[in-house]
Amino acid sequence: MRYTVHPSPLGDLLLAGPRPGVLASVTVPGQRGGASVQPDWVRDDAALSEVAEQFDAYFAGDLKEFALTLEPVGTPFRQRVWAALDEIPFGATTTYGALAARLDLPRSAARAVGGAVGANPLTVIRPCHRVLGANGSLTGYAGGLDRKRLLLTHEGVALA
């Protein structure tokens with residue numbers, strides 16, 4: 001695995017991927033369940049420079065949708081939920097129940113969907129921060145609710 005550490009308003013991002021130009025994970029400091037540098041990982045800033053550039057453009061307000069090659073590791077169910085996150089537009093939000101419905105799952109699957117969203121290894125890139133509780137409350141962000149609020153505010157979402 002190749003990795004780099006890139007500064008951002010969320011703190012130093014740990015970016016990792018199996019090959020140059022391919023991203024498998026994005027982790028913020030203290031992220032619940034986040035990746036950490038392993039002994040066999042190789043620091044390679046150049047291999048992930050496009051990722052870093054797109055993060056800079058996103059936080060500068062110049063990019064609303066990431067265009068990267070992604071290879072997150074997860075079960076087929078999680079992959080399906082993560083792909084659905086990509087369909088939530090910049091500046092919009094949805095709920096766990098609505099996300100379940102979008103996947104043709106019963107509303108009772110909202111908890112399972114929430115578990116998959118919480119296990120998203122590509123925070124910000126796959127916008128799990130755009131998923132809210134049923135009543136519109138800020139819930140369940142592995143990077144912390146302050147970061148979720150920061151991301152939503154950056155995207156122009158009015159929070160109650």
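Modeller: We will go through domains, a helix pair, pockets and a cavity in turn. This is a predicted model, where local features need pLDDT of at least 70, side-chain atom pairs count only at pLDDT 80 or more, and totals for chains, interfaces and linings use all residues. Residues are numbered from 1 along each chain as its sequence is written, and side-chain values use heavy atoms, with hydrogens and water left out.

Colleague: Which domains does the assignment give?

Modeller: Domain bounds come from an automatic or database domain assignment. Here the protein chain has domain 1 (2-69) and domain 2 (73-155). Their C-alpha centres lie 19 Å apart. Across the interface, 19 residues of domain 1 are in contact (heavy atoms within 4.5 Å) with 17 residues of domain 2.

Colleague: At what angle do α2 and α4 cross?

Modeller: Helices are DSSP runs (H or I, at least four residues), and strands are E runs of at least two, numbered from the N terminus. Axes are lines fitted to C-alpha atoms, for helices over the stretch in contact, with angles from 0 to 180 degrees between N-to-C directions. The axes of α2 and α4 (residues 110-118) come within 9 Å and cross at roughly 80 degrees. The two helices are therefore roughly perpendicular (65 to 115 degrees). F77, R78, V81, W82 and L85 of α2 meet A112, V113, A116 and V117 of α4. By class, this contact has 8 nonpolar residues, no polar ones and 1 charged. Ala, Val, Leu, Ile, Met, Phe, Trp, Tyr, Cys and Pro count as nonpolar, Asp, Glu, Lys and Arg as charged, and the others, Gly among them, as polar.

Colleague: How is empty space found?

Modeller: Rolling a probe the size of a water molecule over the atoms shows where empty space is left. On a 1 Å grid over the protein atoms alone, a cavity is a set of points where a 1.4 Å probe fits but cannot get out; a pocket is an open set with protein on both sides within 12 Å along at least five of seven lines; lining residues have an atom within 4 Å of a point. Points are joined across faces, edges and corners, and a volume is the space filled by probe spheres set on them.

Colleague: Which residues are closest to the centre of the largest pocket?

Modeller: The largest pocket holds about 250 Å³. It has 14 lining residues, with K64, E65, F66, D86 and I125 closest to its centre. The lining divides into 10 nonpolar, no polar and 4 charged residues. Each of domain 1 and domain 2 supplies at least three.

Colleague: How many residues line the second largest pocket?

Modeller: This pocket has about 200 Å³ of space. There are 19 lining residues; G33, V73, A119, N120 and P121 are closest to the centre. The lining has 9 nonpolar, 8 polar and 2 charged residues.

Colleague: What volume does the largest cavity have?

Modeller: Its volume is about 70 Å³. The lining includes Q31, V117, N120 and Y141.

Key:
Parallel < 35°, antiparallel > 145°, perpendicular 65-115°, else oblique.
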